[in-house]
Amino acid sequence: MTDTTIHSAAPISHIVGACPHDCPDTCSMLTSVQNGIAIKVHGNPAHPHTDGALCTKVSRYTERTYHPERILHPLKRVGPKGSGQFERVSWDAALTDIAERLQTIARRDPQAILPYSYAGTMGLVQGESIAARFFHKLGASQLNRTICSAAGGEALVHTLGGKLGMRVEFFAESKLILIWGSNSIASNLHFWRYANQAKRNGARLICIDPRKSETADKCHQHIALLPGTDGALALALMHELIQNDWLDHAYLEHYTLGWSKLRERALLWNPERAAAVCGITPEQIRDLAKAYGACATRREPAAIRVNYGVQRVHGGGNAVRLIASLPALIGAWRNRAGGVLLSSSGNFPVQRAALQRPDLLSGHTPRTINMSSIGDDLLRPSSPEFGPAIAALLVYNSNPVAIAPDSARVVQGFEREDLFTVVLEHFQTDTADYADYILPATTQLEHWDVHSSYGHTDVLLNRPAIAPCGEAKPNTQIFRELAAHMGLTDACFKDSDDDLCRQAFGESVDFATLLSQGFATLNTPEAPFAQGNFPTPSGKCEFYSARLAASGQDGLPDHVPNHEAANTSASYPLAMISPPARNFLNSSFVNVKSLRELEGTPLLEMHAHDASARGLASGSTVCVFNQRGTYHCQLLVSERARPGVVNGLGVWWRKMGLEGTNVNQLTSQKLTDLGQGPTFYDCLVQVQAAAAQ
Ligand SMILES: Nc1nc2c(c(=O)[nH]1)N[C@H]1C(S)=C(S)[C@@H](COP(=O)(O)OP(=O)(O)OC[C@H]3O[C@@H](n4cnc5c(=O)[nH]c(N)nc54)[C@H](O)[C@@H]3O)O[C@H]1N2
Ligand SMILES: Nc1nc2c(c(=O)[nH]1)N[C@H]1C(S)=C(S)[C@@H](COP(=O)(O)OP(=O)(O)OC[C@H]3O[C@@H](n4cnc5c(=O)[nH]c(N)nc54)[C@H](O)[C@@H]3O)O[C@H]1N2
Ligand SMILES: [Mo]
């Protein structure tokens, strides 16, 4: 009793931090702390983009931090790989053994050691800082981090000159917004706030997405094209803009490169041809072109929010090149509320060399492994072309066994008895089950970090709100101590997290502002391409890219069909996409009970026509299968799925799904046209009742 009184009387402080998750919003987050315990997280009302609101999942961050299954001390495997049996060991015992094992491998060939990491935290410090220095110093294999945005990112670089575009806040002033391959309400909530403002001011919102998403529900119109056909749609839009002369000829002449070539190609794509490819009607294409073209004639701002959903297919890079070209045709860039936004990350002057110290490679260029084909690469033997078989894997900020494509192969790789695996984690994920050692990492409430964003243009600082839980340590500290155990004495391993936070942006961001208010806005132009000024080699919007042509690619974008295109297989007639479930963040949060309960169970959405053709009813357990494997889940007959396309919402932990499977049992390791990215949404399947198989 007395205790409660004291607790409630204890002062509450509010620590300014940043949401660490892989999301365009990068929110400013306040943590309320009482008696050293984080009692609640809130959206920071002082940060304009966050506007005092967090999404449902991150508002449960304390539930995640104080989760009863949080890993709080180092663990060593005692059972077979994958069985999840571990015993507690001391930090010193774990690091001594890991250092010895790595040293033995490094003496043979350091390239047999591979880091595997992605964006479990987007923090620049707990991401690739000391970790990168450590792997550089060892001469380990490099990881090509392609799993999310490689195709779209490369497309932007070749078209606009970088990961650049409209500033998100100006969407509020647009008159037409195409929300293209983005379920913004689920995955980019703070953009949706601006789009909604525009809607209230009379803007028209059109959603282009195979799935009738929560966002499509709220738009004026929804165009449910087949997955991987966006390039054809964009070309047909160009066709209509040309035919009706809804063009900004002056903009095209002064600020673009390759217009006559692109014009010729677009004229091959009348709406009838594209409609047949996209599985929609020619009228839908004409109406869309009319809406976009009307903005040209009325000089009203037309904006496109395209997200990474469109580029997880074979032709994803070309599709993004075409979509990113559209604003130049109508001169939409002239207005700050016109243009396109896929990613804003290219605005940030991140001092990567200072953080990651590639000079520690001392002139060596180790081989590079693509994270999107980790399944195959873990199973590759040593060879002159490949180099040494991967002998040690250090995983941090990622859960590859759940999120990488073609799980059967990934699991087979992780099961290898001769593979030494260390996983830095908060939880015993599907990946951690295969570790030889699990090392407990701190969460965002327990460490320092600094963040850029891919959806807005503010830098954020994250201060620790509480002391580390149990024996957890920041990733940086774990790699510092591992370096010390391996006898690496370079001074750069001594840099503190505070030093690293300051190094991340050097002099280009005022650190005092970050310390005092938690965020600092970059000084970026309001309408970056109003007068051209594209940071491409030609200084223009490059419809035609000489760089791409020189590398043996088509210099001009085109529609590139899926590897596994709809209506092409008798055995697997359904196209499957696997977009994120709203209350999960990739595979993060699946183990947070309150959020898992909101999602219920792993679901496959299917249109009533496809369900009745198979005699399937909502609520039944189904097998979704193809040549790569079988995924067990529950069927939901739903208008959210269009005929011929099923939506397998991701990304469940395998061990929390049915029969220990998740949707990546079905996806392939085939790569995109640009950037060597994964093709999660380019995947054919068949579905039948579970009992029938
Ligand atoms: N709640 C939540 N938020 C997230 C994430 C999450 O897992 N959960 N993931 C985060 C991550 S990692 C990223 S990269 C970002 C962006 O994440 P994205 O994965 O781009 O997220 P979504 O906005 O859901 O966009 C995917 C949308 O594209 C649609 N789509 C699928 N295939 C196609 C296609 O061929 N063409 C078109 N036009 N649309 C297609 C899907 O139906 C879905 O609605 O969001 C982040 N935000
Ligand atoms: N089928 C299908 N698969 C997909 C996608 C899809 O749409 N469909 N989306 C893809 C996309 S866009 C992405 S970005 C990838 C994402 O894949 P990942 O980047 O692997 O993301 P998560 O699944 O969220 O796993 C991140 C892990 O990092 C851990 N973590 C978080 N913070 C820290 C930290 O500070 N230290 C340490 N050591 N660990 C930490 C979390 O606990 C979590 O287990 O998945 C891809 N996979
Ligand atoms: Mo992503």
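Three helices each supply at least two residues of the side of domain 1 that touches domain 3: helix 16 (374-378), helix 17 (400-403) and helix 18 (407-414). Helix 18 gives the largest share, four residues. Helices (H or I, at least four residues) and strands (E, at least two) are DSSP runs, numbered from the N terminus. By residue type, this side of domain 1 divides into 10 nonpolar, 10 polar and five charged. Here Ala, Val, Leu, Ile, Met, Phe, Trp, Tyr, Cys and Pro count as nonpolar, Asp, Glu, Lys and Arg as charged, and the others, Gly among them, as polar.

This is a predicted model: local features need pLDDT of at least 70, side-chain atom pairs count only at pLDDT 80 or more, and totals for chains, interfaces and linings use all residues. Residues are numbered from 1 along each chain as its sequence is written, chains are lettered from A and ligands numbered from 1 in the order in which they are written, and side-chain values use heavy atoms, with hydrogens and water left out.

Now the domains themselves. Domain 1 covers 75-147 + 368-455 + 469-509, domain 2 covers 151-342, and domain 3 covers 574-692. These bounds come from an automatic or database domain assignment. The C-alpha centres of domain 1 and domain 3 lie 29 Å apart. Their contact (heavy atoms within 4.5 Å) takes 25 residues from domain 1 and 20 residues from domain 3.

The two domains bury about 1,700 Å² between them, and carbon and sulfur atoms give 48% of that area. Buried area is the accessible area (1.4 Å probe) that two parts lose on being put together, summed over both. Pro-405, Asp-406 and Asp-430 supply 27% of the area that domain 1 buries against domain 3, more than any other three residues.

The rule finds one salt bridge across this interface. A salt bridge is a side-chain nitrogen of Lys or Arg within 4 Å of a carboxyl oxygen of Asp or Glu. Asp-433 pairs with Lys-655, with the closest N and O atoms 2.9 Å apart. Asp-433 lies in the loop between strand 16 (420-425) and strand 17 (437-440), and Lys-655 in the loop between strand 26 (645-648) and strand 27 (684-689), so the pair ties together parts that are 222 residues apart in sequence.

Next, the ligands. Ligand 1 is surrounded by 34 residues (a heavy atom within 4 Å), and Ser-187, Asp-209, Asp-230, Arg-312 and Phe-584 are the closest. The side chain of Asp-209 places an N or O atom 2.5 Å from an oxygen atom of ligand 1. A polar backbone atom of Gly-228 is 2.8 Å from an oxygen atom of ligand 1.

Ligand 2 has 31 residues around it, the closest being Arg-64, Glu-425, Ser-587, Ser-588 and Tyr-681. Ser-398 has a polar side-chain atom 2.8 Å from an oxygen atom of ligand 2. Ser-578 has one 2.9 Å from a nitrogen atom of ligand 2.

How values were computed. A polar contact is a pair of N or O atoms within 3.5 Å; within protein, one must be able to donate a hydrogen and the other to accept it, and residues adjacent in sequence count only if both atoms are side-chain atoms.
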